Amino acid sequence: QVQLVESGGGSVQAGGSLRLSCAASGSTNRPNWVGWFRQAPGKEREGVASIGPNVYRIYLADSVKGRFAISQDNAKNTVYLQMNSLKPEDTALYSCAATQSNIRLVTQTMWAGSYDYWGQGTQVTVSS
C-alpha cells in the first residue's frame, strides 16, 4: 500500500505561482509513475503531468506546457508540480496518483485508470 498526501494548494491571482507537493509513504518500493490530475466542478478529471522512473520520462498536458513543471526528490519520496502563470481556468482540485506498475506508453500516464493509489487532493483557486 502507498499513501499519498498532497499539499501546497491555495488561492492566487492570475499570473501567480504555486508549488504542489505529493509525498508518498507506506511502501519500501518507490512508485514507478506519479501523475497529477485535476477536476473542476462540473468537469471531467483531467491528467496534467506525470513523471516516471527517470527524468527523461515526463509528460505534460498541452494545456499546461510552458507553464507547469513536474519534478521529484527521490530522497524525500516527493513529487512536485510547479505551476506558473496560473489562469482562472486552472482552478480545480488537484490530486496526485501513483502506481508501482510499469506504464509503457507515456500518454497512458494521463489516464486515471493507470494508477492504483490516490491522494485526497489539494484545492487550487485562481482569481482574475
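# A chat about a predicted chain

Q: Where does A69 lie?
A: A69 lies in strand β7. Helices (H or I, at least four residues) and strands (E, at least two) are DSSP runs, numbered from the N terminus.

Q: What kind of model is this, and how are residues numbered?
A: This is a predicted model, in which local features need pLDDT of at least 70 and side-chain atom pairs count only at pLDDT 80 or more, while totals for chains, interfaces and linings use all residues. Residues are numbered from 1 along each chain as its sequence is written, and side-chain values use heavy atoms, with hydrogens and water left out.

Q: Back to A69. Why does it count as partly exposed?
A: Because its relative accessibility is 38%. Buried means under 20% relative accessible area, exposed means over 50%, and partly exposed is in between, with a 1.4 Å probe and protein chains only.

Q: What does A69 touch?
A: Apart from residues up to four places away in sequence, A69 touches Y80, L81 and Q82. Contact here means heavy atoms within 4.5 Å.

Q: And how far is A69 from W33?
A: Their C-alpha atoms are separated by 15 Å, and the two residues are 36 apart along the chain.

Q: Stepping back, how many helices and strands are there?
A: The chain has zero helices and 11 strands. Its radius of gyration is 14 Å, close to the 14 Å that the globule rule gives for 128 residues, so the chain is as compact as a globular protein of that length. The radius is taken over C-alpha atoms, and the rule is 2.2 Å times the number of residues to the power 0.38.

Q: What box do the C-alpha atoms fill?
A: Roughly 40 × 25 × 25 Å, taken along the principal axes.

Q: How much of the chain is buried?
A: Buried residues make up 44% of the 128 residues.

Q: And the contacts, how many join residues at least 24 apart?
A: Among contacts between residues at least 6 apart in sequence, 60% join residues at least 24 apart.

Q: What about charges?
A: There are 11 positive and 8 negative side chains, and the centres of the two sets lie 5 Å apart. Lys and Arg count as positive and Asp and Glu as negative, with His and the chain ends not counted. The place of a charge is NZ of Lys, CZ of Arg, CG of Asp or CD of Glu.

Q: Let's look at R38. Buried or exposed?
A: R38 is buried, with a relative accessible area of 7%, and lies in strand β4.

Q: Which side chains make polar contacts with the side chain of R38?
A: The side chain of D90 makes one at 2.9 Å, and the side chain of Y94 makes one at 2.9 Å. A polar contact is a pair of N or O atoms within 3.5 Å; within protein, one must be able to donate a hydrogen and the other to accept it, and residues adjacent in sequence count only if both atoms are side-chain atoms.

Q: What else does R38 touch?
A: Not counting residues up to four places away in sequence, the list includes E44, S63, V64, F68 and E89.

Q: Where is R67 found?
A: R67 is in the loop between β6 (58–60) and β7 (68–73). At 11% relative accessibility, R67 counts as buried.

Q: What lies 3.0 Å from a polar atom of the R67 side chain?
A: The backbone oxygen of S63. Beyond its neighbours within four places in sequence, R67 is in contact with Q82, M83, N84, S85, L86, K87 and D90.

Q: S85 is on that list. What is its phi?
A: Phi of S85 is near 50°, a positive value in a residue other than glycine. S85 sits in the loop between β8 and β9 (92–99), and at 41% relative accessibility it counts as partly exposed.

Q: And what about N77?
A: N77 has a positive phi of about 50° although it is not a glycine. N77 lies in the loop between β7 and β8 (78–83) and is partly exposed, with a relative accessible area of 31%.

Q: Last one, where is T125 found?
A: T125 is in strand β11, residues 122–127. With its neighbours within four places in sequence left aside, T125 is in contact with G10, S11, V12 and T91. T125 and T99 are 26 residues apart in sequence and 27 Å apart in space, C-alpha to C-alpha.
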